[in-house]
Amino acid sequence: MTGATDSDLLPCPFCGIESARVRHIRDGHKVVCASCQASGPPQYHGRADDEPARIRAASSWNQRIGNAADTLDLPEDYHEPASRHVVERFLTTMRQRLAYLEATALKEASSHAD
Ligand SMILES: [Zn+2]
């Protein structure tokens, strides 16, 4: 993102309104939602060869959990809401973890029983 403008900013993740603006702060920039005042992390000017703080502020505002999910090895249908396959895999994992925790807790309890 070179020369980021306010129109490159995604809608606010809290209020959903497209009113985020890059604001100058002491020693840097941060993005602030003009509607609810939520803000992204401040980005400071740093060294001369750093990417401009304004650009970094815009990038960090536009970062969403979905971006992180794209980098993970998830099943192809992960993004389909309430996909049966994904829900069943999640439940299976949770049942296995719960069984492990129960077994561990029982072993722990019996070692202290006397
Ligand atoms: Zn907002």
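These questions and answers walk through the fold of one predicted model.

Residues are numbered from 1 along each chain as its sequence is written. In this predicted model, local features need pLDDT of at least 70, side-chain atom pairs count only at pLDDT 80 or more, and totals for chains, interfaces and linings use all residues.

Trainee: In what order do the elements of the protein run from the N terminus on?
Mentor: Helices (H or I, at least four residues) and strands (E, at least two) are DSSP runs, numbered from the N terminus. The protein has three helices and three strands. From the N terminus on, the order is β-β-β-α-α-α.

Trainee: Which are the edge strands of the sheet?
Mentor: Strands pair if DSSP finds at least two bridges between them. The three strands form an open, antiparallel sheet in the order β1-β2-β3. Two of them pair on one side only: β1 and β3.

Trainee: What angle does the direction of α1 make with that of β2?
Mentor: Helix α1 packs on the sheet and touches β1, β2 and β3. Axes are lines fitted to C-alpha atoms, for helices over the stretch in contact (C-beta atoms, placed from the backbone, within 7 Å). Angles run from 0 to 180 degrees between N-to-C directions.

Trainee: How many bridges join β1 to β2?
Mentor: The two strands run antiparallel. The bridges number six.

Trainee: Which residue in β3 is the bridge partner of H29?
Mentor: Strands β2 and β3 pair in the antiparallel sense. Two bridges link them. In β3, the partner of H29 is Q43.

Trainee: Why is β2 largely enclosed by the rest of the structure?
Mentor: A residue is buried if 20 or more other C-beta atoms lie within 10 Å of its own, exposed if 12 or fewer, and partly exposed in between; C-beta atoms are placed from the backbone. Strand β2 spans 28–33. It is largely enclosed because, of its six residues, the number buried is five.

Trainee: What covers the buried residues of α1?
Mentor: Helix α1 covers residues 53–62. Its buried residues are A53, R54, R56, A57, A58 and W61. Their cover includes β1 (20–25), β2 (28–33) and β3 (43–44).

Trainee: What percentage of the residues in the protein is buried?
Mentor: The protein has 114 residues. Buried residues make up 16%.

Conventions: Two residues are in contact if their C-beta atoms, placed from the backbone, lie within 7 Å.
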